[in-house]
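Please go through the structure shown below.

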Protein chains: 2
Amino acid sequence: MRLLRPSWAGLLRGWHHQHQRHHRRLLLTTSRGSNGEREEQQNSQWSSPGSRSEQLLYAAFWAGGLTLGYHWLTDKKNHVLLEGQKVASEEELEATARLWHVTNRKELPTYRADEVEQHNCAEKRIWVTYGLGVYDVTDFAENHPGGDKILMAAGSAIDPFWAIYQQHNTLEVLELLEGFRIGNLEGLVVTNVDDELGSPWSEEPQRHALLKPASKRPFNAEPPIGLLAEQFYTPNELFYVRNHLPVPVINPEDYELEIEGGAKDKTLTLEGIKALPKHSVTAAIMCGGNRRSEMTKVKAVKGLSWGAGAVGNAKWSGARLCDVLREQGVQPDETKHVIFEGADLDPTSHPYGASIPLAKALDPRGDVILAYEMNDEPLSRDHGFPIRVIVPGTVGARNVKWLTRIVVADKESDSHWQQNDYKGFSPSTDWDTVDFSKSDAIQAMPVTSAICTPQAGARVKVDDDEGHITVRGYAWSGGGRKIVRVDLTNDEGASWHVAELEQEEMPDGRHYGWSLWTARLPVSEAQRKAGDVEIWAKAVDSAYNVQPEKFEHIWNLRGVLANAYHKVKVKII
Amino acid sequence: MRLLRPSWAGLLRGWHHQHQRHHRRLLLTTSRGSNGEREEQQNSQWSSPGSRSEQLLYAAFWAGGLTLGYHWLTDKKNHVLLEGQKVASEEELEATARLWHVTNRKELPTYRADEVEQHNCAEKRIWVTYGLGVYDVTDFAENHPGGDKILMAAGSAIDPFWAIYQQHNTLEVLELLEGFRIGNLEGLVVTNVDDELGSPWSEEPQRHALLKPASKRPFNAEPPIGLLAEQFYTPNELFYVRNHLPVPVINPEDYELEIEGGAKDKTLTLEGIKALPKHSVTAAIMCGGNRRSEMTKVKAVKGLSWGAGAVGNAKWSGARLCDVLREQGVQPDETKHVIFEGADLDPTSHPYGASIPLAKALDPRGDVILAYEMNDEPLSRDHGFPIRVIVPGTVGARNVKWLTRIVVADKESDSHWQQNDYKGFSPSTDWDTVDFSKSDAIQAMPVTSAICTPQAGARVKVDDDEGHITVRGYAWSGGGRKIVRVDLTNDEGASWHVAELEQEEMPDGRHYGWSLWTARLPVSEAQRKAGDVEIWAKAVDSAYNVQPEKFEHIWNLRGVLANAYHKVKVKII
């Protein structure tokens with residue numbers, strides 16, 4: 001049992017201070033903060049904008065109010081602060097243990113986050129951080145009751161994971177962890193808000209620390225793949241974020257949605273939209289560039305290096321666009337399009353824009369909605385507050401956020417994102433020969449799947465006497481096509497194993513949600529000896545379309561539509 | 001110039017006799033023929049039911065009334081018969097030439113059709129038949145103005161091709177051909193009608209000789225792949241035929257279509273259906289087993305060995321099913337199905353049956369029609385006379401022919417073909433482990449394509465100074481998804497070339513017709529030297545689904561959904 005170090009009191013003050021600021025920010029998300037607030041921030045010890053590890057630590061205290069440290073601090077701080085002495089009761093012993101990770105242990109060296117990041121596999125030792133603590137958990141990793149999940153934090157912070165997995169919230173676990181302590185983490189930061197006044201990025205929302213940024217400005221990030229298949233409905237704060245521009249600040253009371261087309265133009269307020277019949281749809285949204293990082297290994301492509309996590313599944317609620325357009329007097333016309341514009345502006349003040357065929361918008365089975373809720377909560381700013389159009393089955397890029405304008409038009413949107421991006425090309429088309437006008441804008445997405453656990457490089461235990469490993473992931477197809485089968489192989493296709501599917505019961509053609517799947521793969525004696533196994537997943541949709549085997553022949557210069565078999569190499573132990 | 005042999009007069013009598021019979025049969029297609037007719041047939045010299053070559057010869061005289069020989073015979077026979085002597089005028093010289101191929105040349109050997117069939121490539125000499133003549137055209141083949149098409153007839157009859165390609169209808173061509181004469185063809189037959197009274201097969205319709213049977217009873221046949229991409233609308237007589245049972249005989253005046261579901265049951269007559277608003281749709285129909293012969297090379301599958309010709313594209317016209325069902329009071333219900341039954345009965349008197357989701361049937365954009373016309377002609381018996389349901393974008397098996405009953409039901413059809421056939425499975429599912437109840441009935445088909453010319457084994461000329469070869473084929477995807485791109489490679493994917501598309505302008509989601517395509521592929525110096533080149537085709541549909549590379553990983557025990565890349569090996573000359 002170790003004693004608290006003197007430095008913890010200052011740390012606590014810092015946490016407390018920050019937590020107050022955070023709550024203020026939450027209240028301010030829809031209007032510009034005051035200069036005063038920013039000055040305060042600059043003068044505080046938390047002002048330096050942060051490394052990833054620093055953000056992670058903050059987020060542990062922020063996300064969902066469930067953070068390990070914070071609750072205790074809130075309950076106990078007066079007591080501990082006032083007493084400022086050794087503690088002895090069982091309750092106080094535990095309280096003390098709960099502070100270890102936010103305590104600077106001066107007898108240990110201090111590491112920068114980028115140094116910790118180097119130690120991300122057994123060969124280089126597995127380091128993690130928790131609060132201020134740096135821990136070498138290499139020798140523990142194999143015995144971790146949660147298995148490989150611990151590796152998701154290798155080289156970074158465990159805080160966000162522990163915020164989800166509450167079973168770590170015991171004295172025993174804290175004691176175990178502190179036993180692996182090897183150092184202190186340098187610095188701390190609690191915000192990714194830009195300091196510079198007037199910057200278009202100065203009003204970016206806070207994000208969950210588990211979101212791995214593919215880019216920070218604009219903010220684009222995906223959750224760890226290992227968490228993605230845990231829940232049928234992706235938690236809002238872990239849902240991938242794809243922003244093309246800075247996040248606009250919208251006061252819901254000032255919000256207006258212009259609608260042009262039909263009998264006459266109309267403007268809807270947020271209350272007006274909420275007054276329309278409420279319709280909910282389960283829909284996965286997927287970025288056109290999901291899994292780009294795999295395609296780029298064949299040959300470099302242009303675009304954010306997404307893993308397989310640029311997808312999420314949610315229940316979206318709002319008004320049906322078909323109701324709005326019909327009320328407006330819009331008639332079916334298969335040559336027409338519906339253009340959407342967002343409140344997010346590029347440097348020339350052009351809004352983000354995209355379009356879909358009018359036929360999709362008018363089809364009640366198309367389930368296009370003007371959504372104000374995501375998993376029964378108001379949309380967050382990163383997901384389009386206050387209104388986002390949800391176009392189920394269609395590439396994320398058409399699901400325009402911060403929706404301000406809808407136009408029924410003879411042509412597609414002339415935006416960059418409709419005309420010169422999000423299109424597929426032949427593998428032999430390069431930047432010298434590409435002609436974007438010759439290719440169709442992506443709408444419905446092709447069938448795809450990904451293995452979420454185990455992850456690449458994981459050490460996988462054979463889990464029963466029969467010698468199986470368990471594999472889990474997601475599968476989805478665009479256009480409302482249901483996933484009818486997911487096949488797994490760990491012998492390059494010599495034998496395939498059909499996964500169990502978890503999916504919503506919806507009719508085909510309107511099956512917009514993703515499917516989660518679990519498969520048990522037998523491991524042969526030879527594979528156990530060899531140790532290395534590559535697992536492949538391929539999904540089949542209700543039109544019996546299948547994924548292509550590899551990326552070579554679907555490669556395209558923008559790295560979109562990366563739906564080849566998902567292949568993951570693991571080690572059998 | 002050779003003289004007519006005495007035997008020709010008898011042949012002419014035979015042809016004339018047969019031609020009369022044929023016309024009678026055409027008038028009788030909707031009612032059972034008399035016993036008397038069959039006796040006459042048995043007594044005639046044409047009675048022995050036929051080898052393929054024999055049928056081919058007959059068909060040359062039958063198809064479209066355009067046959068080379070017949071017209072002349074009709075015009076000239078009295079004159080020639082009566083005179084019975086040498087002919088000298090230019091007109092009579094030509095008339096004589098037109099009889100060579102129906103003349104037995106006694107100084108030459110006689111060959112059976114199966115002997116001719118052996119000579120189907122340059123290595124074994126290329127033999128063809130025309131009428132009674134057997135010709136060795138090996139030395140001519142390379143200079144054939146029509147290129148490789150001549151190889152489609154290698155080992156068999158050229159008659160059906162000449163019936164289509166009227167440019168052969170000249171004295172020069174006939175003289176050239178007779179110069180290659182090496183023998184006479186044994187026997188002749190003009191019908192594939194079953195002799196046996198009371199056999200369920202006794203009323204099968206006549207078929208075009210170019211249709212290559214995959215099975216004769218029930219009749220299943222596809223046209224030569226080399227002809228398939230010649231026309232956007234497949235000629236009715238060359239449209240693949242997929243019969244599961246004997247072709248029923250239906251008197252159009254007695255025809256009734258029962259409709260169950262909605263407010264109350266109803267019965268429509270043929271006239272009643274024709275009185276409804278007429279709707280036309282261009283739709284390709286594809287057998288679920290198209291290209292099975294490629295899949296079975298990986299491992300044997302169960303089913304007819306279709307090439308890539310079990311598909312055709314037509315303009316279908318009839319009444320819209322959505323109009324009929326709505327008129328009937330059927331309400332949208334996404335849990336329901338529409339069952340179709342045909343007049344074709346299995347040995348236990350159960351009809352052929354299949355079903356589709358009610359949502360597809362009720363959707364005006366689904367374009368489901370009760371068709372009575374195919375390419376502006378009444379349906380032929382083989383294609384469902386008098387009424388066939390056309391379910392655009394959906395596997396051929398649901399496009400029930402000889403439609404007699406429609407039922408709106410809570411469940412899918414319980415027919416064998418819906419429940420225990422036309423479903424996809426994992427490659428590791430075999431006949432010991434298969435559980436048909438676990439798999440979804442095929443409805444919309446996946447994206448596919450095929451190279452129609454050149455054909456496998458063809459000798460291909462590099463066609464210009466730049467050194468290109470021209471490749472042509474078809475592509476199609478189910479569910480109304482447009483083909484957006486077809487890529488070709490002749491270097492195993494190192495470089496891909498985008499084909500020009502020929503397709504109907506229809507909105508996506510309703511793009512039910514196929515796309516024809518043409519690509520020009522550069523041939524490298526190395527490839528010219530090597531001689532052998534393999535061409536691959538892959539199509540991309542509007543959901544950016546692509547074909548899988550190979551059959552190994554999509555193999556299934558029924559050999560359906562065989563949509564891997566189409567790969568064709570040719571020789572460069």
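A salt bridge is a side-chain nitrogen of Lys or Arg within 4 Å of a carboxyl oxygen of Asp or Glu. The model is predicted, so local features need pLDDT of at least 70 and side-chain atom pairs count only at pLDDT 80 or more, while totals for chains, interfaces and linings use all residues. Side-chain values use heavy atoms, without hydrogens and water, residues are numbered from 1 along each chain as its sequence is written, and chains are lettered from A and ligands numbered from 1 in the order in which they are written.

A:Asp376 and A:Lys315 form a salt bridge whose closest N and O atoms are 2.9 Å apart. A:Asp376 lies in the loop between β14 (369–374) and β15 (377–378) of chain A, and A:Lys315 in strand β11 (residues 311–320) of chain A, so the pair ties together parts that are 61 residues apart in sequence. Helices (H or I, at least four residues) and strands (E, at least two) are DSSP runs, numbered from the N terminus. A:Lys315 has a relative accessible area of 26% and is partly exposed; buried means under 20%, exposed over 50%, and partly exposed in between (1.4 Å probe, protein chains only).

Salt bridges with shared partners join A:Arg105, A:Glu107, A:Glu178 and A:Arg181 into one network. Within it, A:Arg105 and A:Glu107 have their closest N and O atoms 2.9 Å apart. A:Arg105 is buried at 10% relative accessibility, whereas A:Glu107 is partly exposed at 47%. In another pair, A:Glu294 and A:Arg291 form a salt bridge at 2.8 Å, N to O, and both residues are buried. Over all chains, the structure holds 57 salt bridges.

Next, the sheet. Five strands of chain A form an open sheet of mixed pairing in the order β9-β8-β17-β12-β13, where two strands pair if DSSP finds at least two bridges between them. β9 (266–269) and β13 (351–357) are the edge strands, each pairing on one side only. Strand β8 (residues 256–260) pairs with β9 in the antiparallel sense over 4 bridges. A:Leu257 has A:Leu268 in β9 as its bridge partner.

Chain A has 16 helices and 26 strands. Of its 573 residues, 60% are buried. Among contacts (heavy atoms within 4.5 Å) in chain A with a separation of 6 or more, 74% are between residues 24 or more positions apart. Chain A exposes about 22,700 Å², of which carbon and sulfur atoms supply 50%; accessible areas come from the Shrake-Rupley method with a 1.4 Å probe, and for residues only the protein chains shown count as cover.
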